[in-house]
Amino acid sequence: MGQLWSEQTKFQTFLDVEIAVCEVQAELGKIPVGALADIKAKARFDIARMHEIEAEVKHDVIAFLTNLAEYVGENSRFIHLGLTSSDVIDTALALQLRQAGQMLFSELEALEKAILEKAREHKYTLQVGRSHGIHAEPLTFGFKLAVWLEEVRRHKKRLADAIDVVSFGKLSGAVGTFSNISPLIEEMTLKRLGLIPEPVSTQIVQRDRHAQFILALAMIGASLEKFATEIRHLQRTDVLEVEEPFEKGQKGSSAMPHKRNPVASENISGLARVLRANAIAALENIPLWHERDISHSSVERIIIPDSTILLDYMLARFTKIIVGLVVYPENMRKNMNQFGGVIFSQSVLLRLIDKGITREQAYALVQSNAMTAWNQEDGNFRQNLLNDPAVRVHLGQQEIEDCFKAENYLTNLDQIFARVGV
């Protein structure tokens, strides 16, 4: 991904666009066929030399064209006919963005596969659910991963849409009116390059397209942070339900040899912030003066390479986390049964309502027994219920015991998993 945004690739893509235009010009009889052959044989550039020229002319595209002319010679007059700099810059950028998007899409597919496999592995691995960070009803770790899986699949659609949106070029001249070049040349050239002509442009392709692309990357990053934050919470010592892979020879702290910190997930969380900041900058690039200014240019030279490189890295790293994730089912079971299984309170509530008492009466009975178990060293919700005459009037021992079967919560799990193809 880094190579895609190197100066070498950038100017080679510029050259690819210029040559494609010349090919179409020759095909339409606008320039001599012999001149095209000469251009293709001699066209090259030297980045160091371009830097020398740019130091004088203060314009990178002019430096590129001047250096190109030094190699091509007389027939260089047929290069860049009727074009403006942004024709080449924006069309080349579309080619690079499309390739970057395709690379990211492949990484997203690899993550999808890793999550799918882990979800299948832990489809029935029971775990306490949490709302507000507080223990709620049981679910399974595979269910949690299935939620992530669907989110990744939505991102695949968003990224595919974003790739389509930026796969537009323009070769319409100084303010986009085709004053010195034919729309046919644009259409034929862009078809050759695999791009779509911008239906109407100014001197540039409008930056809402690029903003959509960067926003798609930022959204993927936000979901990666969401997943990473979950792992970070679940790896806490007092929870310890999952753990990042900790490789042989790895050390967690310079001071405390026992530490196994979720550094990779924390890294993901931090980088997601950069992607979101870049997305704001991409939005700021949309309102430009009149038919164009270049305030967007300096920004894009930073945010586009950085965002694609960052997300490429984040996807690869998080996929590695998922593949090597260590899961502790016994700790999940232990956490699920804290304070005598208070998380099964709704099951008891509904069973009491079935017996004919009002919801308010049932809620009061269950809550009082749960609260006297909550955060008590020997607190035991189940035993409290068994010892409470007001409960036992309505529920026998086996009926109470039946409320504490975690497997009851898996009744519709297969149906849910079928929806997501797990």
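How much accessible surface does the protein chain have, and what share of that surface belongs to carbon and sulfur atoms? The accessible surface comes to about 20,500 Å², and carbon and sulfur atoms hold 53% of it. Keep in mind that this is a predicted model.

**Whole chain.** Show the C-alpha trace first. Along its principal axes it spans about 100 × 50 × 35 Å. Switch to cartoon. The protein chain has 17 helices and six strands. Its radius of gyration is 31 Å, well over the 22 Å that the globule rule gives for 422 residues, so the chain is more spread out than a compact globule.

Color by relative accessible area. Of the 422 residues, 49% are buried. Residues 24 or more positions apart supply 75% of them.

**Charges.** Select the charged side chains. There are 47 positive and 54 negative charges in the protein chain.

**Cysteines.** Select cysteine 22. It is buried, at a relative accessible area of 1%. Move on to cysteine 403. This residue is buried too, with a relative accessible area of 0%. Both count as buried because their values fall under the 20% cut-off.

Now look for disulfides. A disulfide is a covalent bond between the sulfur atoms of two cysteines. How many disulfides does the model contain? With a cut-off of 2.5 Å between cysteine sulfur atoms, the count is zero.

Definitions and conventions: Residues are numbered from 1 along each chain as its sequence is written. This is a predicted model: local features need pLDDT of at least 70, side-chain atom pairs count only at pLDDT 80 or more; totals for chains, interfaces and linings use all residues. Side-chain values use heavy atoms; hydrogens and water are left out. Buried means under 20% relative accessible area, exposed over 50%, partly exposed in between (1.4 Å probe, protein chains only). Helices (H or I, at least four residues) and strands (E, at least two) are DSSP runs, numbered from the N terminus. The radius of gyration is taken over C-alpha atoms; the globule rule is 2.2 Å times the number of residues to the power 0.38. Contact means heavy atoms within 4.5 Å. Accessible areas come from the Shrake-Rupley method with a 1.4 Å probe; for residues, only the protein chains shown count as cover. Lys and Arg count as positive and Asp and Glu as negative; His and the chain ends are not counted. The place of a charge is taken as NZ of Lys, CZ of Arg, CG of Asp or CD of Glu.
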